[in-house]
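Thanks for coming. Please have a look at it first.

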Amino acid sequence: MKLDWRDNTQPRDLTAKELSFLNRMLKNDFKGNEQLLCQLKSTKVAAEYKTPGYHTIKLLVEDAHNNRASVADRVPVEAKAIDEDGTKINFLLHVIGGFLAELEIIRDDGKPIQRLPKAESLIVY
C-alpha cells in the first residue's frame with residue numbers, strides 16, 4: 001500500500017467538499033463550536049495524507065486574531081456516514097491549542113472509500 005503524505009508548500013483553500021464537512025460538523029452544539037466556526041473562515045489546508053481507506057488534512061488557521069476555542073476534548077465532534085457498500089466512514093475533527101488542526105476521514109474496514117457522502121448525510125455527534 002502506497003502512503004502519500006503531501007505537505008503543501010503554499011497552504012491551499014479548502015475544497016467545497018471539505019468545507020461542507022467541516023461546516024456540518026461545527027454546526028453541532030458543543031463547547032467551543034462558535035469560535036471554531038469563526039476560525040473556519042480563515043482556515044487553509046497545510047498538508048494531506050492519503051491511503052485507500054484513510055484521508056487526513058492538516059488544517060492551518062491563518063488569522064492569528066481568532067479566539068482560541070475552549071473545547072472539552074482534542075476531538076470535540078465526530079460524524080459518521082455510510083459508504084455505497086454499507087461500510088461506515090468516520091469523520092474526526094481535531095482541535096489543538098484551541099485551534100482547528102486536522103480532519104480525519106476513515107473507512108472502518110480500511111478498504112478504499114467508494115464515494116464520499118454528501119455533508120447533509122453525516123450523522124454528527
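Let me begin with strand E2, residues 43-51, which is antiparallel to E3 and joined to E3 by eight bridges. Strands count as paired when DSSP finds at least two bridges between them. Helices (H or I, at least four residues) and strands (E, at least two) are DSSP runs, numbered from the N terminus.

Before I go on, this is a predicted model: local features need pLDDT of at least 70, side-chain atom pairs count only at pLDDT 80 or more, and totals for chains, interfaces and linings use all residues. Residues are numbered from 1 along each chain as its sequence is written, and side-chain values use heavy atoms, with hydrogens and water left out.

Back to the strands. A hairpin of two residues connects E2 and E3, and Ala47 sits opposite Lys58 in E3. E3 is also antiparallel to strand E6, residues 99-107, with five bridges joining them. Ile57 has Leu103 in E6 as its bridge partner.

Next, helix H2, residues 33-40, which contains Gln39. Is Gln39 buried or exposed? Gln39 is buried (under 20% relative accessible area; exposed is over 50%, partly exposed in between, with a 1.4 Å probe and protein chains only), because its relative accessible area is 0%. Contact means heavy atoms within 4.5 Å. Beyond neighbours within four places in sequence, Gln39 contacts residues including Val61, Asn66 and Phe99.

Last, Val71, in the loop between strand E3 (54-61) and strand E4 (77-82). Val71 and Phe30 are 41 residues apart in sequence, and 8.0 Å apart in space, C-alpha to C-alpha. Outside four places in sequence, the contacts of Val71 are Lys31, Gly32, Leu36, Pro76 and Val95.
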